[in-house]
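Please keep the viewer open as you read.

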Amino acid sequence: MTIWNNLNDAAENIKDRKIISLFDAPQRAQNFSARFDDMVFDYSKTNIDEDVLAQLLKLATTAKVCRHRDAMFSGEKINQTEGRAVLHTALRNIGGDPVMFGGTDVMPKINETLNRMEDFAAGVRAGRMRGQGGKITDVVNIGIGGSDLGPAMACLALAPYHTGPKTHFVSNVDGAHINDVLKPLNPETTLVIVASKTFTTIETMTNARAAFNWMTGVVKNPANQFAALSSAEDKTTEFGIAQERVFGFEDWVGGRYSLWGPIGMSLMIAIGPEEFRDFLRGGAQMDAHFKTAELRQNLPVLLALVGIWHHQVCGYPTRAILPYDQRLSRLPAYFQQLEMESNGKGVSMDGNELKYASGPIVWGEPGTNGQHAFYQLIHQGTDVVPCEFMVAAQGHETALKHQHTLLLANCLAQSESLMLGRDFDTAMSLMAVKKFTGKEQIRQASHRVFKGNRPSTTLIYPKLTPSMLGRIIALYEHRVFVEGVILGINSFDQWGVELGKELATALEPIVSGKASAEGKDGSTKMLVEFIQSIE
């Protein structure tokens, strides 16, 4: 029998087993958790036992996860459909060993770019790089996808460390987005960062031109208050951006993995170069752990195996990311892109159609807000949703320590209640206290039954610092990589985003009335006609 068959059989055999019963074994929590330095990943509130874990670890070994991991770090072209290496980890390898690609150490160029970024960021923060109206007060990052989600998420997450200008983010081509961001700002003291590797991304460049027009007539030379995060120097020059304000990166850095380099410029300006280096150090620490820890103690591997167990084996279609930290409110969306753009594939590496599920649907919100939104479905809905909680033991607001204690209590209570549930007899007793009797007592009790036995994991750490955020992001990056290796798919291309973009380009002149809708399907033609009928 294959390992997959063994796992499927195990899932069938234990599907009715209560997770809480596994805690009858001594040291259950200790044996089904793993530590890296001062962060703990607890997966004991799942139905994974020693036999299942052994099969999952065997799955990772059989898939040659370690060999693929080493190939990634050594610069092999593991992104086979695009013929590219995957070396975003080199961006955070500050002070580390050489990283070779094509016989050349890439670290000198990476360090040179990092130094240039630091000089620029320090100049903006200190007022050496100024706007026409004086010191820069606001920074607007214009990007989309990885050029927006990463820095927007990280800037919010590390708000306690902000000592620079205010940061703002524009991504949507909907004019409402850039209008609402720019409206309260002063063009004379605003720096606009255009984040697009090719400098051709339609949404980004449309918004960049809108920002340029916003400055025109107020600022003598708007291009002087622009910077570019791009490798297309010919196009940035054409736009009018001076070369010393252009920061490029190689094609072995994918968009959703690009926060560690120039795409992180807005974060560096906000928190300062030294805190940004701490962020990079945190990611590098997780890289070292991923490369050296035994599989049973390897956090990225374990996180991936738990995900494989829940989605591919148990058949749970979605995964909820639930950070109990308001400043991590954009983290679920960031991980949503990381997971669904990476592993949302329909064919294996060899081009054959997959016969099994690929990546799960990833979603979530921060606690405790989510508790008053969708936790009803998580607790009593017909679908089981594996939950991934994360929380810091300490908050930054020392004067509000009691509120962080309440936050921690809520986080721990949710994972506990998902596992324990509430049986019918307990519900009946509660309804008796409320003076219900007979059929009405039964009816009321049935609404208060929680089946429980719903799995969750918890990632806990001391405090959300730049270094810790770096660790968390790198942990999930490597988790996605391990899942992709086990599933035999390419986690580093994203052809699925291309078709819609191509059709949108073709449809724009049709919607604007410059071209005919002839040849389009009936639905599209009808919708275009409706749009054009509105005066």
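This is a predicted model: local features need pLDDT of at least 70, side-chain atom pairs count only at pLDDT 80 or more; totals for chains, interfaces and linings use all residues.

1. Residues are numbered from 1 along each chain as its sequence is written, and side-chain values use heavy atoms, leaving out hydrogens and water.

2. Overall make-up. The chain holds 20 helices and 14 strands; these are DSSP runs numbered from the N terminus, helices being H or I of at least four residues and strands E of at least two. Along the principal axes, its C-alpha atoms fill a box of roughly 80 × 60 × 60 Å.

3. Of the 535 residues, 51% are buried (buried is under 20% relative accessible area, exposed over 50%, partly exposed in between, with a 1.4 Å probe and protein chains only).

4. Contacts along the sequence. Taking contacts between residues at least 6 apart in sequence, 74% join residues at least 24 apart (contact means heavy atoms within 4.5 Å).

5. A helix pair to look at. Helix α11 (residues 273–292) packs with helix α18 (residues 466–487) at an angle of about 40 degrees, their axes 7 Å apart (axes are lines fitted to C-alpha atoms over the stretch in contact, and angles run from 0 to 180 degrees between N-to-C directions). That makes α11 oblique to α18 (under 35 degrees is roughly parallel, over 145 roughly antiparallel, 65 to 115 roughly perpendicular, the rest oblique). Residues in the contact include Phe279, Gly282 and Met286 of α11 and Leu469, Gly470 and Ile473 of α18.

6. Two lysines in loops. Which loop holds lysine 64? Lysine 64 sits between α3 (50–62) and α4 (65–73), has a positive phi of about 60 degrees although it is not a glycine, and is partly exposed at 43% relative accessible area. Lysine 435, in the loop between α16 (424–433) and α17 (438–446), has a positive phi of about 75 degrees and is exposed at 70%.

7. A cis peptide. The bond from glycine 367 to threonine 368 is cis, with omega near 10 degrees. Threonine 368 belongs to the loop between β12 (361–363) and α14 (375–380).
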